[in-house]
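Please look over the sequence and the model shown here before reading the report.

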Amino acid sequence: MTSAAITSDRIIVVKIGGSTLGDEDTTLVDVVALRREGLYPIVVHGGGAMITDWLERLDVPAVFVDGLRSTSEEALEVVVGVLRGVVNTRLVSEIVRLGGRAVGVSGVDGGLVQARRADERLGFVGEITGIEPAVLYPILESGAIPVIAPIGLEPPSQPLNINADTVAGEVARALQARLLVFMTDVDGVLDGDGTLIETLGGEQVPTLREAGTLAGGMLPKIDASLRAAEQQVTVHVAQGRSRRTLERIVAGEPLGTRIEV
């Protein structure tokens, strides 16, 4: 399903952390402003820090493999509760407070994010097998901003923990969005000397990966970026703590790192 009223060049996918990145962060303010300007922002959020906090409170071990959270059946309940119940609700509430309209969904809703378990080391962690854009178009057409919690659905009924960067990349790819922006706590992708890489091409990634320059949480961001860029989505990894970062990128400023295939 597509929407005649909503063209891909007006869709902006924004991936943010599970909580405000800092006092100067204006990402949600920018998101509300973009909707008022006739663009269609979609927010995908994480929540890793809060999940880790709750797992520690409940004495559930937090284990990471290649930058991805390994999720036991016990941990999955915490992941779903925090992402869908706490973080998603807070972000939707904040958008409303700022004068916007928002609808919170998870990837389970309407089969938005279809997934399967692919690595037994990761437990109930999924890799995405498909995105169902039809779930998002009615929300966008109503004038609301979709806020997506990164939980996938393995048929027929198993929720799975999905990396939020991966969800953002696949949503942007499926909708052939105009822009995908990863809001981070660093200026962008940095080289071995800590200098910002203003433009990162796909051919550079293997070398940077082998050198350890790309590691940890940056790996899924880059993989997701390259997947989206294959569908002509413009991708930026940028500092989310600076004011008006999102608004300025949408306006065409070359902030952060631009990812190209």
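## Basis of the model

This is a predicted model, in which local features need pLDDT of at least 70, side-chain atom pairs count only at pLDDT 80 or more, and totals for chains, interfaces and linings use all residues. Residues are numbered from 1 along each chain as its sequence is written, and side-chain values use heavy atoms, with hydrogens and water left out.

## The sheet

Eight strands make up an open sheet of mixed pairing, in the order 5-8-2-1-11-13-14-12; strands (E, at least two residues) and helices (H or I, at least four) are DSSP runs numbered from the N terminus, and two strands pair if DSSP finds at least two bridges between them. Strand 5 (102-106) and strand 12 (199-201) are the edges, each pairing on one side only.

Strand 13 and strand 14 (residues 257-260) run antiparallel and are joined by three bridges, with valine 235 opposite isoleucine 259 of strand 14.

## Helices on the sheet

Helix 5 packs on the sheet and touches strand 1, strand 2, strand 8 and strand 11, where contact means heavy atoms within 4.5 Å. The direction of helix 5 makes about 175° with that of strand 1; axes are lines fitted to C-alpha atoms, for helices over the stretch in contact, and angles run from 0 to 180 degrees between N-to-C directions.

## Backbone features in loops

The peptide bond from proline 155 to proline 156 is cis, with omega near 0°, and proline 156 lies in the loop between strand 9 (151-154) and strand 10 (158-161).

Glutamine 176, in the loop between helix 5 (164-175) and strand 11 (179-184), is a residue other than glycine with a positive phi, near 50°.
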